[in-house]
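Hi,

Here is the structure I promised to pass on. Please open it next to this email, and my notes follow below.

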Amino acid sequence: MHSEWPYIHLAGDLLVRAGLTLGPRAITDYELVYFQGGSDTVYETRGRAYTLDRPGFVFTRPGERHRYRFDPVKHVRHAFVHFDWASFEEPDGPMAPLLRADWLPIGADRFGEAAMKRLLAVANEQGPRWEARMAALLAALLEELCHAAAGPAADAREAGMLPLPIVRALAYMDDHLGEGVTVEAIARRSGWSHAHFTRVFAACVGMSPKRALMERRVARAEQLMLEGRLAIKEIAYELGFADVHHFSRAYKAARGYTATAYIAKCQDPLFRNTASAAADPDTPYPLNRYVIVNEEIKNIHRSSVSRH
């Protein structure tokens with residue numbers, strides 16, 4: 001099993017009778033509990049009480065005193081998994097937002113629900129490599145929950161609940177990528193001061209307006225490079241860069257590799273024969289996107305073949 005994945009101790013899916021009080025208690029490992037429907041169940045921990053009135057996840061840390069007061073009227077179903085994970089050993093590390101969380105309601109994105117149900121299905125089937133598959137599913141789920149716990153921006157974006165001036169600002173960026181539009185001009189259109197616009201934008205979108213504008217220009221450049229119809233120089237002018245050198249510097253700063261390297265990855269006939277289509281409202285990114293996650297390819301298969 002991958003050493004960086006969670007080590008799962010147990011998992012289950014129970015329908016608890018109405019009126020049960022569980023605790024106060026403390027456990028020796030981490031526990032993630034998914035409540036698939038809203039109820040009057042109350043979760044108490046660290047001097048706080050959370051009414052679990054909508055679908056969501058409860059996260060409990062080892063040694064933490066907590067109590068559940070289940071709905072007094074109706075039975076409550078909840079799925080749970082107990083585990084340890086080396087990634088939680090750094091309190092101020094990348095997983096800190098999740099380590100500070102107690103109750104995480106889920107928004108419009110139902111990945112968490114689907115991942116938890118699949119994890120329990122794999123546990124029940126116990127097919128080939130079932131423990132490793134459970135660990136991989138749980139790692140992905142915890143990463144997504146950590147992203148959600150980082151602040152309201154993630155939930156707002158996923159649920160399509162951004163303030164109207166921010167929605168309009170993003171649309172204006174997309175419609176004017178080649179016109180050298182500035183953050184100052186976008187802020188003026190919002191009706192807010194530059195400082196207030198920047199602060200609200202960063203809180204809602206998760207990045208500054210300047211970075212968001214550059215990210216959109218770079219992403220559009222990647223679509224054009226994927227199509228292969230324009231040279232880098234033409235793409236630079238198409239997106240409002242002063243010259244190809246400015247574009248090349250901006251692209252490498254944003255991605256960590258050059259535009260030439262990206263184009264080299266797009267030479268496959270599959271990428272050169274993409275078709276245009278209307279935007280898909282259920283897909284939160286533009287069609288015909290090709291994202292390089294790690295530029296260098298680890299030739300593990302090649303090295304293993306050479307040993308035979």
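There are 18 salt bridges in this predicted model. Side chains of opposite charge can pair when their charged atoms come close.

Start with Asp102. Its salt bridge with Arg61 has the closest N and O atoms 2.4 Å apart. Asp102 sits in the loop between H1 and E9, and Arg61 in the loop between strand E6 (56–60) and strand E7 (66–69), so this pair ties together parts 41 residues apart in sequence. Arg61 is buried, at 10% relative accessible area.

Asp102 also pairs with Arg48, where the closest N and O atoms are 3.3 Å apart. Arg48 belongs to strand E5 (residues 48–51) and Asp102 to the loop between H1 and strand E9 (103–105), so parts 54 residues apart in sequence are tied together. Asp102 is buried at 3% relative accessibility. Arg48 is partly exposed at 45%.

Shared partners join Arg46, Arg48, Arg61, Glu64 and Asp102 into one salt-bridge network.

Another pair to look at is Glu31 with Arg25, with the closest N and O atoms 3.3 Å apart. Glu31 is buried, with 5% relative accessible area. Arg25 is partly exposed, with 22%.

Now the surface. Asp84, Glu89, Glu90 and Asp92 form a negative patch. Glu89 lies in the loop between strand E8 (76–84) and helix H1 (96–99). Glu89 counts as exposed because its relative accessibility is 64%.

Last, the cysteines. The model has zero disulfides. Cys146 is buried at 6% relative accessibility, and Cys204 is buried at 13%.

Best wishes

Notes
Residues are numbered from 1 along each chain as its sequence is written. This is a predicted model: local features need pLDDT of at least 70, side-chain atom pairs count only at pLDDT 80 or more; totals for chains, interfaces and linings use all residues. Side-chain values use heavy atoms; hydrogens and water are left out. Patches are made of residues with over 30% relative accessible area and no salt bridge: like charges are joined within 9 Å, nonpolar side chains (Val, Leu, Ile, Met, Phe, Trp, Tyr) within 5 Å. Accessible areas come from the Shrake-Rupley method with a 1.4 Å probe; for residues, only the protein chains shown count as cover. A salt bridge is a side-chain nitrogen of Lys or Arg within 4 Å of a carboxyl oxygen of Asp or Glu. Lys and Arg count as positive and Asp and Glu as negative; His and the chain ends are not counted. The place of a charge is taken as NZ of Lys, CZ of Arg, CG of Asp or CD of Glu. Helices (H or I, at least four residues) and strands (E, at least two) are DSSP runs, numbered from the N terminus. Buried means under 20% relative accessible area, exposed over 50%, partly exposed in between (1.4 Å probe, protein chains only). A disulfide is a pair of cysteine sulfur atoms within 2.5 Å.
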